[in-house]
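Here's a quick tour of one protein model for someone just starting out. Have a look at the picture first, then work through the points below.

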Amino acid sequence: MWLVTFLLLLDSLHKARPEDVGTSLYFVNDSLQQVTFSSSVGVVVPCPAAGSPSAALRWYLATGDDIYDVPHIRHVHANGTLQLYPFSPSAFNSFIHDNDYFCTAENAAGKIRSPNIRVKAVFREPYTVRVEDQRSMRGNVAVFKCLIPSSVQEYVSVVSWEKDTVSIIPENRFFITYHGGLYISDVQKEDALSTYRCITKHKYSGETRQSNGARLSVTDPAESIPTILDGFHSQEVWAGHTVELPCTASGYPIPAIRWLKDGRPLPADSRWTKRITGLTISDLRTEDSGTYICEVTNTFGSAEATGILMVIDPLHVTLTPKKLKTGIGSTVILSCALTGSPEFSIRWYRNTELVLPDEAISIRGLSNETLLITSAQKSHSGAYQCFATRKAQTAQDFAIIALEDGTPRIVSSFSEKVVNPGEQFSLMCAAKGAPPPTVTWALDDEPIMRDGSHRTNQYTMSDGTTISHMNVTGPQIRDGGVYRCTARNLVGSAEYQARINVRGPPSIRAMRNITAVAGRDTLINCRVIGYPYYSIKWYKDALLLPDNHRQVVFENGTLKLTDVQKGMDEGEYLCSVLIQPQLSISQSVHVAVKVPPLIQPFEFPPASIGQLLYIPCVVSSGDMPIRITWRKDGQVIISGSGVTIESKEFMSSLQISSVSLKHNGNYTCIASNAAATVSRERQLIVRVPPRFVVQPNNQDGIYGKAGVLNCSVDGYPPPKVMWKHAKGSGNPQQYHPVPLTGRIQILPNSSLLIRHVLEEDIGYYLCQASNGVGTDISKSMFLTVKIPAMITSHPNTTIAIKGHAKELNCTARGERPIIIRWEKGDTVIDPDRVMRYAIATKDNGDEVVSTLKLKPADRGDSVFFSCHAINSYGEDRGLIQLTVQEPPDPPELEIREVKARSMNLRWTQRFDGNSIITGFDIEYKNKSDSWDFKQSTRNISPTINQANIVDLHPASVYSIRMYSFNKIGRSEPSKELTISTEEAAPDGPPMDVTLQPVTSQSIQVTWKAPKKELQNGVIRGYQIGYRENSPGSNGQYSIVEMKATGDSEVYTLDNLKKFAQYGVVVQAFNRAGTGPSSSEINATTLEDVPSQPPENVRALSITSDVAVISWSEPPRSTLNGVLKGYRVIFWSLYVDGEWGEMQNITTTRERVELRGMEKFTNYSVQVLAYTQAGDGVRSSVLYIQTKEDGLGWNLGFSISNMLPGDAGNDPQTTFQVSRT
């Protein structure tokens, strides 16, 4: 911080006081120093300055030229607001649309000016932003930067980033830097699957731009030295702001980052934050300035980024005092205190005019920070401004100085009083003046010396009033008398007196003789002390005073003589004090009267150049000796250079041998003697008829430029100059006064200023001067208006079709010869070098028409073309924004999601061909087909950027492409993308399913794969569902699964129930799922022998040779076939252990009667059921013994053919048992 110190002055220098001046000036916004606006919008700039009461507001160019209205281009409103209207590029004027302005506010307090305000228009121009593809190793950091053209970089900033059209929210691994870069940390393989775009916004036009989609190539880590991906450069940043120093690097192993400041590690400070994006410093301070190094290191090497950070403190100016009201002749000190960074410069202004040092004003200090005004005069009043500038930054402050007649006046005082000896008293005297006066004290005309009994103190109030106290402690009789306070400053003095009586024996101090000045008033104090006394009386020549109207005796004993006369008032005066009824004391004082000089009136006669002049200054009265001197305009006149002064005792003469203009002025004759100094002032006016110092001559003016018609005259009184104008180029017929407007003004030297020459200004001009002396003079001249080369016609915007020829016409007028040059952007077009361009120029009467032919127009021609017309008097340019329209670029197509029967597409339209996109078409086909067999989705709305394609076939490979349309036509196809739809569960069942029973417990199933077009992927296997369809079964399928082996499949179902009907279905499956099942077909397993014997087998011996065997059918579930019948097996068992012949009987019935059995013999009996497949399981052996009987029988047997439970109703079947 640099604090500008105050200039030290001598204690004797009176300081002026700050005070409210009544009127004020102020700034509404003195930080406004730049206004940038869009040419298509225009701008309104309020004046940053104002005042109270209302101030007059005016705008100027930085050059000091006041501005004038330009219809539909620039206007200053009555409230001081500057407005620049929207304009086309061809109407651009750098003096208006790219210039420094300032505004002033003026009222009775003074006039202040704002800092310069840069007003700059920004054109809408085509631009694109780009993002380049990047590479990164997995686990490293990737850095994407948004590349903005330098021509718009100042106005365009990154507002967001997108990943696959979804805005990126900075979190996790994604970071967006202060400078608009995108950082991806810990890069993964999947980061390569997305596209990345930046979105920018133009600060003034509000336009947004989206970049192309950039890709990230991700590789596996490979050992490498560090490489800086993003570094920083030297920069200046305001204190208090936040700065980010980007630094990141790639390499493997992943580099370590270390920061250094001025060669040392960073100090510990919570304001410093190390991030993946670099180093962030918040709440910047000037001590943060320095050289920063970012070191990146791994085991294979190192790299570094270096830059200088300069932290700048904004300039702040404080001017003191802010308001100052002081008296003429005082000393004024203004001090300008600055904070902020160094290398600033200071300028001082008074009422917006640059302050230059002179006899009264000096600028002091190492940085010109102190303004000193000595013996300030009324003309020094006004508004003072201190401007500090550092590079592009300006700061200012101002002070209001008011200078006035500051003769002191007593505003409050003390009264007469009586006190006792030892009784302390205090007297107060208050005075005002400018500068604040100093008060002194006297007692009976003697200055009071400061001692133990007499003390004074003095101070100045905030309103400028000086307060002084006289404090008397332990007063004695001698401390009584007339006390007088006198207030003095550089301007004059004022006084007040009153008597203070201290009780005690009265006496009179010794009286001092008095010298009075004739014609003035004189006070004579009777220096009585002590109290009480009866009266104070004055005598002159034994006469009690007063004895005439000029004498007054006050109650306190003071004698006042007004308008003192030498003969009458000079002499002895006696002061008599009656202290007792018959006792008086007295003292006398001699009054001498001095007569001041009296100068007889004199006048300067009318004088002309070359005359002799003799002026006497005669003093008609006054005490001798008398000294007489002469001054001119306040300066002492010394004889010489044609001026002679001759002086005698009471007379002095001023003689001028040859009067000239330089002798004009105020002359003062000053006479002084011991009594007084008097003067008489008169003005000498040397009347000089007007004459031309510079005569008007014919001259040329340039249209649109400023022109000065020179005419300078002198004479005295100063001549009044009037300009007149006669239009036309013929002989002037009648002159008319030139209207003085903002565009036309008369300069102080009498020349005529035309700020903006127009064609209507052509003609004769007459400069006429008069001053009442002699005859008027005049001189005419002819102004020829030369027309600089001006573009009068050209298209602001125009459209061409790519591949077609296009002509751009530009019409110019002005003084010949005119050269027309064409430029594309900032490059001059040379048809000899670029054969695609041709320029033809034709003279068409008052105009020149130039045609630029583009053969043909190309995309690169979508820029601003400019035609420049040049002649000897100036040049002009016309801007033409050419838009080359063409079919759009194809969309950038992305596959967002692919399913079995649909896919989701998203696209980004890059270049629209400079014509609004009207729609999109999507085409797709099987990859193996030609595009003749494509399918299409047409006329997609231009507001849509994604679509779902449905009804695709699963597990198919498709080719997709896309077109965009504008009114010019259709784009080329986009890059063809290939996708494979996911598998879906098969849409068809297996074909030709057959069943072949193989055994009683197995069925062979055969089938073929589903139709190829219904498989929806690779058939991975089959599911065979089978269920028993016999009554009582649960109807649920059992599932077995097998892998596919080919187009035909065989599978054997085992462990089935015997002789059971089964329903079988077959389903194919792939990775996506299982398809529909085939229609159910049925088959029955082969028959088998019953698996259980008949139930409830019983044997009953009826007689000695007859037995009955009965049973019931085995459970049907165990028959395993169609029951054909039963077999009864029996054999005899003899006592010796021998078995008889085993016999069997077959029957379809469930009862058999055996006859002819051996009597009283043991038999073993078993029963079985049989089917077509054979005999089933025999029942358990049942033992029976025939009865004893002697009778003989023919053996046979019978079988009951009854169903179980019908025994007794069944007819008997008898079987004869054979014997051996």
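## The pocket and what lines it

The lining of the second largest pocket gets at least two residues from each of α1 (94-97), β78 (790-793) and β86 (874-885). Those labels come from DSSP runs, numbered from the N terminus: helices are H or I runs of at least four residues, and strands are E runs of at least two. Bear in mind that this is a predicted model, where local features need pLDDT of at least 70, side-chain atom pairs count only at pLDDT 80 or more, and totals for chains, interfaces and linings use all residues. Residues are numbered from 1 along each chain as its sequence is written, and side-chain values use heavy atoms, with hydrogens and water left out.

**More on the pocket**

- On a 1 Å grid over the protein atoms alone, a pocket is an open set of points where a 1.4 Å probe fits, with protein on both sides within 12 Å along at least five of seven lines; lining residues have an atom within 4 Å of a point.
- The second largest pocket has a volume of about 1400 Å³, a volume being the space filled by probe spheres set on the grid points, which are joined across faces, edges and corners.
- Of the 45 residues lining the second largest pocket, Asn93, Phe95, Ile96, Gly704 and His756 are the closest to its centre.
- Sorted by class, the lining has 21 nonpolar, 14 polar and 10 charged residues. Here Ala, Val, Leu, Ile, Met, Phe, Trp, Tyr, Cys and Pro count as nonpolar, Asp, Glu, Lys and Arg as charged, and the others, Gly among them, as polar.

**The largest nonpolar core**

- A nonpolar core is a set of buried Ala, Val, Leu, Ile, Met, Phe, Trp, Tyr and Cys residues joined through side-chain atoms within 4.5 Å. Buried means under 20% relative accessible area, exposed means over 50%, and partly exposed is in between (1.4 Å probe, protein chains only).
- The largest core has 32 residues, and Leu25, Trp59, Tyr101 and Ile112 touch the most other members.
- Among the elements giving two or more residues to this core are β2 (24-27), β9 (98-107) and β39 (393-404).

**Rings and charges**

- Rings of Phe, Tyr and Trp (its six-membered ring) pair if their centres lie within 6.5 Å; planes under 30 degrees apart count as stacked, over 60 as edge-to-face and the rest as tilted.
- That rule gives 24 aromatic pairs. In one of them, the rings of tryptophan 1007 and tyrosine 1022 have centres 5.3 Å apart and planes at 70°, so the pair is edge-to-face.
- Tryptophan 1007 is in strand β95 (residues 1002-1008) and tyrosine 1022 in strand β96 (residues 1021-1028), so this pair ties together parts 15 residues apart in sequence. Both tryptophan 1007 and tyrosine 1022 are buried.
- Phe602, Phe604, Trp630 and Tyr667 form a cluster linked by ring pairs.
- A charge sits over a ring if NZ of Lys or CZ of Arg is within 6 Å of the ring centre and within 35 degrees of the ring normal. Arginine 113 lies over the face of tyrosine 349, 5.2 Å from the ring centre, and the charged end of lysine 925 sits over the ring of tryptophan 931, 4.9 Å from its centre.

- Most residues other than glycine have a negative phi, and most peptide bonds are trans.
- The bond from tyrosine 531 to proline 532 is cis, with omega near 5°; proline 532 is in the loop between β52 (528-531) and β53 (535-540).
- Arginine 816 and proline 817 are also joined by a cis peptide bond, with omega about -5°, and proline 817 is in the loop between β80 (806-813) and β81 (819-824).
- Aspartate 262 isn't a glycine, yet has a positive phi of about 55°. Its relative accessibility is 45%, so aspartate 262 counts as partly exposed.
- Asparagine 939 isn't a glycine either, and has a positive phi of about 55°. Asparagine 939 lies in strand β90 (residues 935-940) and counts as exposed at 71% relative accessibility.

**Sequence versus space**

- Glycine 433 and proline 408 are 25 residues apart in sequence, with C-alpha atoms 4.2 Å apart.
- Aspartate 541 and aspartate 776 are 235 residues apart along the chain, and their C-alpha atoms are separated by 72 Å.
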